[in-house]
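Colleague: I am new to this model and would like a friendly tour. Please show it to me before we start.

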Amino acid sequence: MVELETSLSGVKLSNPIIPASGTFGFGYEFSEFYDINILGSISLKGTTKSPRFGNPTPRIAECYSGIINSVGLQNPGVEKVISEELPKLAKVYKKTVIANISGFSLDEYVYCAEKFDNAENVSILEINISCPNVHKGGMAFGTSPENAYAVTNAVKKAVKKPVYIKLSPNVTDIKKIASACEDGGADGLSLINTLMGMRIDLNKKKAVIANKAGGFSGPAVFPVALKMVFDVFETVKIPIIGMGGISSAEDVIEMMLAGATAVQVGAYNLINPYACKEIIENLPAVMEKYNIKNLKDIIGGAH
């Protein structure tokens, strides 16, 4: 018998598998496919203070081993997410979730964080300072240690729930950003968000995506994500949620050996709606294959 449980800042998860923000809607949509209560948790669709329509279409470009998206944080705004989306999710999902928050100023981050801090079925606040698909927001806060520290510190002072900062790989040294977040009081880190990429339509001879470039994710980014989680684990003492190209139980174990306490599955949900379910079901057999009795015992085991 193997043990799949893990824990993030005192929040117990029955297993480490969490659908990543932006790839699983608000969660209840996937309850049509399977019982989503098997999931460790869910990272909600990225939420901003005001409603956002998002970027112009087309927003998606396929790649050889991944996908480029430029959705642009389309969401109904924090008030409606809390009053409408969370109650819908609570009807089909009995565990707590992770609220993913984006902003265009410190005040916006704090406003949304305070709102979710009072939401009953939210246990962790994931502060996205790494979105590459909006201008003058998101990644603007995640590419400098000073800005990363400022956001982390401002949010931590305003809330009681654990704060996890979602980091961008589009930086010179992700370890400096991670350390700044830890210094600012972060309870944990989520990494990585998408890399930057683009495709060009040969017939039209212009970018496929209306925004020209977008966030590149999928299996092709897994080695990059793994290396960054490995490096950050050696830099900070707070837990890490690892993500980036995870598509199998083997990937989960590899990411945890690099230093992740839990993982998020992103682009693979867009290819296969049963992705997270299948990974959870396959984990015990893969653990037995590699003589792993308890997932907690392998966190950072590759160091």
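Modeller: A helix has an expected span, which is 1.5 Å times one less than its number of residues. Helices (H or I, at least four residues) and strands (E, at least two) are DSSP runs, counted from the N terminus. This is a predicted model, in which local features need pLDDT of at least 70 and side-chain atom pairs count only at pLDDT 80 or more, while totals for chains, interfaces and linings use all residues. Residues are numbered from 1 along each chain as its sequence is written, and side-chain values use heavy atoms, with hydrogens and water left out.

Colleague: What distance does helix α2 reach from its first C-alpha to its last?

Modeller: Helix α2 covers residues 106-117, which makes 12 residues. At 1.5 Å a residue the expected value is 16 Å, and the helix comes close to that, reaching 16 Å.

Colleague: Is Cys-112 buried or exposed?

Modeller: Buried means under 20% relative accessible area, exposed means over 50%, and partly exposed lies in between (1.4 Å probe, protein chains only). Cys-112 belongs to a set in α2 that also includes Tyr-109 and Phe-116. Its relative accessible area is 0%, so Cys-112 is buried.

Colleague: How many disulfides are there?

Modeller: A disulfide is a covalent bond between the sulfur atoms of two cysteines. The rule used here asks for a pair of cysteine sulfur atoms within 2.5 Å. By this rule the count is 0.

Colleague: Around helix α4, what arc do the buried residues cover?

Modeller: The buried residues in α4 are Ala-148, Val-151, Thr-152 and Val-155. The arc is taken from the directions from the helix axis to the C-beta atoms. These residues lie on the same side of α4, because their arc is only 95°.

Colleague: And which exposed residues does the face of α4 turned away from the buried side carry?

Modeller: Helix α4 runs over residues 145-158. On the face turned away from its buried side, the exposed residues are Glu-146 and Lys-157.

Colleague: Which residue in β7 stands opposite Ile-98?

Modeller: Two strands pair if DSSP finds at least two bridges between them. Strand β6 (residues 97-101) and strand β7 are parallel partners, with 5 bridges. In β7 (residues 122-128), 7 of its 7 residues are buried. Opposite Ile-98 stands Ile-124.

Colleague: In β13, what is the bridge partner of Ile-67?

Modeller: Strand β13 (residues 214-217) runs antiparallel to β5 (residues 66-69), joined by 3 bridges. Strand β10 (residues 195-197) is also antiparallel to β13, again through 3 bridges. For Ile-67, the partner in β13 is Ser-217.

Colleague: How many residues does the second, separate core have?

Modeller: A nonpolar core is a set of buried Ala, Val, Leu, Ile, Met, Phe, Trp, Tyr and Cys residues joined through side-chain atoms within 4.5 Å. The largest has 75 residues, and those touching the most other members include Leu-125 and Leu-189. The second core includes Leu-13, Ile-18, Ile-98 and Tyr-164, and its number of residues is 10.

Colleague: What is the relative accessible area of Ser-190?

Modeller: Ser-190 sits in strand β9 (residues 188-191). Contact means heavy atoms within 4.5 Å, and, leaving out residues up to four places away in sequence, Ser-190 touches a set including Glu-126, Lys-166 and Gln-264. Ser-190 is buried, with a relative accessible area of 0%.

Colleague: Which residue does a cis peptide bond join to Thr-57?

Modeller: That bond has omega of about 0°. The residue asked for lies in the loop between β3 (17-19) and β4 (60-63). It is Pro-58.
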